[in-house]
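Welcome, and thanks for taking a look at this one. Please open the sequence and the coordinates side by side, then walk through the notes below.

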Amino acid sequence: MMEYKFTNSEEILRLCKKHNLPISEVAKRFEAERAHKSIASVRNQMKKVRDAMYDAVRKGVKTEEKSKMGMVGGDAKKIYAALKNVKNMMGNKVTLRAMAYATAVGEQNACMNRIVAFPTAGGAGVVPGVLFSASESFKAGKRKLLRGMFCASTIGLIIAENATLSAAKGGCQAEVGAAAGMAAAGLTEMRGGTPEQCFHAAAIALKSYIGLACDPLGGLVEVPCIKRNAIGCMNAIGASDMVMAGVKSFIPLDEVIEAMRDAAELMSPKLRETALGGLAMTKTGIMIKKKLGLKIK
Amino acid sequence: MDNPLLNASRDYIKATEVCATTCHGQIRKRFIIKSMDKKSSFAKLEKTSNLQTMSETSIFDIAGPIMVGPSSSHTAGACKIGQFARALFHGTPKKATFYLHGSFGEVYKGHATDLALLAGIMKFKTSDSRLKEAFEIAKKKKIQYEFIKKDLGKDYHPNTVRIVLENRDRKMSMIGSSVGGGMIEILKIDNFPVHLHGRAGKYLSLIICHKKNADVLPKIKEQLKKINIEVVNTQQVSYKDKTLSVIALGHTRITLAQVQDIEKNTEGIDFMRSLSKLEKQ
């Protein structure tokens, strides 16, 4: 029997209290137990993930490379450049940088470069965006970053278990929505929030995404995916800020995830990664479809 | 998500008992499939794969995979199907033909499915940044390739490809589907209907082709036992006078030398392939 086994946030909370550990530690021990590995090797594996994400972010904010269809590319550099003029911006350094990083990852993905699907390719920008940007403004940011990543993965795991992480099944709520929830929890742990606070942050972030359609132009992970990743960062940072200010989610995380699954079942297949509804069927969307030689139904 | 080798194949599901085993090889769920109807019994099979427990999903299934974009099902999954084909073929092919079915056929250019499949044939990992240059590299390696849009039949998942690999003296075909999130299923090897679940992570597989009714499995199992390798599950499929056996192994790795040893020491085997190399990709 596994000691660190969990299927929902309530069980994680129980483990955290029983062993007096943060969520990230529970996640590490769970993985070590599951895969019969040492905790150190689990940490090292996460470091590899971190390095791969960092490469994508660094490359992405420097390049102006366009995607094959030319729909995206170069925006991350623009946002990153705006950091120099942060006084003229409404957001602060952390939010701007988070958006730049998230866009960078999205653009790298669209341009066929290496990224980490954290949790999926479509929502891959939010977690690195928020966590890297925040870690740069913390002391001992690198170590905290790993904690944030473990905590975020835990949230992803319970979403995968109790709802879905596939846009083909659950729309964008399952990709960018899930990623925002994960990032919110990870950020909250990095800032020293309690496990309860992490779950509240994840719930608040995720609640804003219930029922969001996956309607990419031409079925490509480009428009609106990449900008949704950037906005997802704002959402996650906002949720974490609210929680740190003392706000709680009225609905517990487990119920929000249940609602997410329910909404996924109610959604029309046209809004689930098929490019047959929503933004994909706008005038611009149809133009892209024609360019790609797709059927317009 | 990932599941061990579920019993048998589409065509071979009759009134059989399907067992989904856990990581430790214990039987967790049993389903009696009563229906003879292929489709509904297949739906039940898929249901069993959703019943996987937490202990089978890793933290790194969420924090990963590290991959080359743009799409986990059209790029990463396609690359993995290619890797499987290559592992089964065992050697560099001279010619690769890809028959793209459904959504693969419709959007393969936009999602770079063609590059990814070809990269997989050349043993590239899903995270290999050279994936973009797969065409040039294939030309350098003198591998001929061709992509053909083809309807393989409505029973297949929309993201399905039939890969035919050839060199001077051999030819092999395989059908694989990318079912989302980088996970794949292998549905046909040559003429044998199989049902292999890929992410090829937790279960390492041995694939053995031998004559029908040849009693090779006990011999192989005995040899595996000698080198302390645990057998989790086996499945067998026959077509005409040949049988394809798939053995799912436990956590212990098997080395290529060990596989070759067993292949040499056992009579009546046409070929034996290990898919363990795919573990980390």
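Is Val127(A) buried or exposed? Val127(A) is buried, because its relative accessible area is 0%. Bear in mind that this is a predicted model.

**Val127(A) and its helix**

- Val127(A) sits in helix 6 of chain A, which covers residues 126-135.
- Leaving aside residues up to four places away in sequence, Val127(A) touches Phe118(A), Phe132(A), Ala152(A), Ala179(A), Met182(A) and Ala183(A).
- Gly73(A) is 54 residues from Val127(A) in sequence, and their C-alpha atoms are 20 Å apart in space.
- Ten of the ten residues of helix 6 of chain A are buried, so this helix is largely enclosed by the rest of the structure.
- The buried residues of helix 6 of chain A include Pro128(A), Gly129(A), Leu131(A) and Ser133(A).
- Those buried residues pack against helix 3 (39-62), helix 5 (93-110), helix 7, helix 9 (176-190) and helix 11 (225-244) of chain A.

**Helix 2 of chain A and its two partners**

- Two packed helices are described by the angle between their axes and the distance between the axes.
- Helix 2 (residues 23-35) of chain A and helix 7 (residues 141-162) of chain A have axes that come within 8 Å and cross at roughly 70°.
- Angles of 65 to 115 degrees count as roughly perpendicular, and helix 2 of chain A and helix 7 of chain A are therefore roughly perpendicular to each other.
- On the helix 2 side of chain A, this contact is made by Ile23(A), Ser24(A), Ala27(A), Lys28(A) and Phe30(A), while helix 7 of chain A supplies Arg147(A), Phe150(A), Cys151(A), Thr154(A) and Leu157(A).
- By class, the residues of the contact between helix 2 and helix 7 of chain A divide into six nonpolar, two polar and two charged.
- Helix 2 of chain A also packs with helix 3 of chain A, at an angle of about 110° and with the axes 9 Å apart.
- Helix 2 of chain A and helix 3 of chain A are therefore roughly perpendicular to each other as well.
- Lys28(A), Arg29(A), Glu31(A) and Ala32(A) of helix 2 of chain A meet Ile39(A), Val42(A) and Arg43(A) of helix 3 of chain A in this contact.
- The contact of helix 2 with helix 3 of chain A has three nonpolar, no polar and four charged residues.

**Chain B as a whole**

- Chain B has eight helices and 13 strands.
- Of the 281 residues in chain B, 57% are buried.
- Counting contacts in chain B between residues at least 6 apart in sequence, 67% join residues at least 24 apart.
- The accessible surface of chain B is about 12,300 Å², and carbon and sulfur atoms account for 48% of this surface.

**A hairpin in chain B**

- Strand 11 (residues 231-239) of chain B and strand 12 of chain B run antiparallel and are joined by eight bridges.
- Thr243(B), in strand 12 of chain B, is the bridge partner of Ser238(B).
- Two residues lie between the strands of this hairpin, and Lys240(B) takes a positive phi near 50°.
- Seven of the eight residues of strand 12 (residues 242-249) of chain B are buried, so this strand is largely enclosed by the rest of the structure.

**An exposed residue in chain B**

- Asn265(B) belongs to helix 8 (residues 256-265) of chain B.
- Asn265(B) is exposed, because its relative accessible area is 56%.
- Lys219(B) is 46 residues from Asn265(B) along the chain, and their C-alpha atoms are separated by 9.4 Å.

Key
Residues numbered from 1 in each chain as written. Chains lettered and ligands numbered in written order. Predicted model: local features only at pLDDT ≥ 70, side-chain atom pairs only at ≥ 80, totals over all residues. Heavy atoms only, no water. Helix = DSSP H or I, 4+ residues; strand = E, 2+ residues; numbered from the N terminus. Buried < 20%, exposed > 50% of the residue type's maximum accessible area, 1.4 Å probe, protein only. Contact = heavy atoms within 4.5 Å. Areas by Shrake-Rupley, 256 points an atom, 1.4 Å probe, with all protein chains shown as cover. Axes fitted to C-alpha atoms, helices over the stretch in contact; angles between N-to-C directions. Parallel < 35°, antiparallel > 145°, perpendicular 65-115°, else oblique. Nonpolar A, V, L, I, M, F, W, Y, C, P; charged D, E, K, R; others polar. Pairing = 2+ DSSP bridges.
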